[in-house]
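Please keep the structure in view while reading.

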Amino acid sequence: MAPSGPRSIKRGCQRVLYWIPVLFIALIVAWSYYAFVLQLCIESIEDTGEKVVYLLAYHVIFIMFVWAYWQTIFTKPLNPLKEFQLSHSDKELLEREDRGESQ
């Protein structure tokens, strides 16, 4: 039996809220696909060669976008490696600096 209570309800709400922007972007991408491929390329353009060029270019860019978006959604966020972090002494020097330009 699944645990119930405020924690499980909160977790469920967080999951739903997490996916709202993802679904919004997916709907925009689906609409753009429909508008460009079906309405513009297939129905409006009469020259077959021009259709093929437009569709190939669009699909290459579309696949790259979908792959990058997929990676962005499903990659866990990480902290920067230690080699890219400031040392303790450098942090102190930065915090002591009065002018923002020097920082």
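Predicted model: local features only at pLDDT ≥ 70, side-chain atom pairs only at ≥ 80, totals over all residues.

What is the relative accessible area of E92, and is E92 buried, exposed or partly exposed? E92 has a relative accessible area of 33%, so it is partly exposed.

**Salt bridge**

- The whole structure was searched for salt bridges, and the search finds 1.
- This contact joins the side chains of R96 and E92, with an N to O distance of 3.5 Å.
- Both R96 and E92 belong to helix α3, which covers residues 88–96.
- The two residues are 4 apart in the chain, about one turn of the helix.
- R96 has 56% relative accessibility and therefore counts as exposed, while E92, at 33%, is partly exposed.

**Nonpolar patch**

- Y18, W19, L23, W70 and F74 make a nonpolar surface patch of about 570 Å².
- Two helices, α1 and α2 (48–74), each supply at least two residues of this patch.
- The largest share comes from α1, which gives 3 residues.
- F74, one of the patch residues, is found in helix α2.
- With a relative accessible area of 45%, F74 is partly exposed.

**Cysteines**

- A disulfide is a covalent bond between the sulfur atoms of two cysteines.
- The rule applied here asks for a pair of cysteine sulfur atoms within 2.5 Å, and by this rule the count is 0 disulfides.
- C13 has 43% relative accessibility, so it counts as partly exposed.
- C41 has 0% relative accessibility and therefore counts as buried, a class that requires a value under 20%.

**Recap**

- On the nonpolar side, the patch of about 570 Å² includes Y18 and F74, with α1 and α2 each supplying at least two of its residues.
- For the cysteines, C13 is partly exposed, C41 is buried, and the disulfide count is 0.

Terms used:
Residues numbered from 1 in each chain as written. Heavy atoms only, no water. Buried < 20%, exposed > 50% of the residue type's maximum accessible area, 1.4 Å probe, protein only. Patch = residues over 30% accessible without salt bridge, like charges linked within 9 Å, V, L, I, M, F, W, Y side chains within 5 Å. Areas by Shrake-Rupley, 256 points an atom, 1.4 Å probe, with all protein chains shown as cover. Salt bridge = Lys/Arg side-chain N within 4 Å of Asp/Glu carboxyl O.
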